[in-house]
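Hi everyone, thanks for making time this morning. I'd like to walk you through one structure, so please have a look at it with me.

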Amino acid sequence: MTQKHVVIPARYGSSRLPGKPLLDLHGQPLIVRVVQQARQIAGVDDLCVATDDERIAAVCREVGAEVVMTAAAHPSGTDRLAEVARLRGWHPEDVVINVQGDEPLIAPGMIDACAQRLADSPDCVMATVGHALDDDVDRHLGQAVDVGLAGAVVTALDGIVEEPPDAVA
């Protein structure tokens, strides 16, 4: 039976903002806010924080989050997630969800929809959640990441686009 795993990669040594997972966000560390959101994802078989930092691990354990200590040399959160999957021996058909450790406002419903689409599409091995921006605020703040669309069918979380647009900004 396919299982749904949520991994939240978090590292202390960010080059742009060291210690970011532990920054206070309305009275709680950022990573705790992310864990709280991730706990709302439907049908999760297990959820853990993957980190190489004992300070992050301690904060997560304080709120009852499971922690997997990973190697410090990972160049990305995806590499950290892959280590967790390998260590845990997850089945190749399981759905593994990477919830970024700096997204405290991630909508659990978006993740639910993406995970369901992935589970229902056995030929699809990876999916990324994205949404259209309502305005240019995020772009001006440098927080937006453009998502390029390719292929015959693209799943959008507010519907299915049968053909991708001709050009993506």
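This is a predicted model: local features need pLDDT of at least 70, side-chain atom pairs count only at pLDDT 80 or more; totals for chains, interfaces and linings use all residues.

With a relative accessible area of 23%, Pro29 comes out as partly exposed, because buried would need a value under 20%. You will find Pro29 in strand E3, which covers residues 28-29. Who does Pro29 touch, leaving aside its neighbours within four places in sequence? The contacts are Pro21, Leu22, Leu23 and Val59. If you'd like one distance to check on your screen, the C-alpha atoms of Pro29 and Ile56 are separated by 9.3 Å, and these two residues are 27 places apart along the chain.

Now let's turn to strand E1, residues 4-10. How many of its seven residues are buried? The count is seven of seven, so the rest of the structure largely encloses this strand. You can see that from either face: Lys4, Val6, Ile8 and Ala10 are buried on one side, and His5, Val7 and Pro9 are buried on the other.

Which strands does E1 pair with? One partner is E6, residues 95-98, in the parallel sense and over four bridges. There, Val6 has Ile97 as its bridge partner. Another partner is E4, residues 46-51, again in the parallel sense, this time over six bridges. In E4, the residue opposite Val7 is Cys48.

On to the charged pairs. As a reminder, side chains of opposite charge can pair when their charged atoms come close. How many salt bridges does the structure hold? There are five, and I'll take you through some of them.

Arg88 forms one with Asp46, where the closest N and O atoms are 3.2 Å apart. Arg88 belongs to helix H3, residues 77-88, and Asp46 to strand E4, so this pair ties together parts that are 42 residues apart in sequence. Asp46 counts as buried, at 16% relative accessibility, while Arg88 is partly exposed, at 30%.

Arg88 also forms a salt bridge with Glu66, and here the closest N and O atoms are 2.4 Å apart. This pair links distant parts of the chain too: Glu66 sits in strand E5, residues 66-69, and Arg88 in helix H3, 22 residues apart. Glu66 has a relative accessible area of 39%, so it is partly exposed. Taken together, Asp46, Glu66 and Arg88 are linked in a network of salt bridges.

Another salt bridge joins Asp53 and Arg55, with the closest N and O atoms 2.7 Å apart. Asp53 is buried at 10%, whereas Arg55 is partly exposed at 44%.

Last stop, the second largest pocket. Its volume is about 160 Å³. What lines it? The residues are Met1, Thr2, Gln3, Lys4, Gly43, Asp45, Val95, Ala115, Gln116 and Ala119. By class, that lining has four nonpolar, four polar and two charged residues. Helix H4, residues 108-119, gives the most to the lining, with three residues.

Methods:
Residues are numbered from 1 along each chain as its sequence is written. Side-chain values use heavy atoms; hydrogens and water are left out. Buried means under 20% relative accessible area, exposed over 50%, partly exposed in between (1.4 Å probe, protein chains only). Helices (H or I, at least four residues) and strands (E, at least two) are DSSP runs, numbered from the N terminus. Two strands pair if DSSP finds at least two bridges between them. On a 1 Å grid over the protein atoms alone, a cavity is a set of points where a 1.4 Å probe fits but cannot get out, and a pocket is an open set with protein on both sides within 12 Å along at least five of seven lines; lining residues have an atom within 4 Å of a point. Grid points are joined across faces, edges and corners, and a volume is the space filled by probe spheres set on the points. Ala, Val, Leu, Ile, Met, Phe, Trp, Tyr, Cys and Pro count as nonpolar, Asp, Glu, Lys and Arg as charged, and the others, Gly among them, as polar. A salt bridge is a side-chain nitrogen of Lys or Arg within 4 Å of a carboxyl oxygen of Asp or Glu. Contact means heavy atoms within 4.5 Å.
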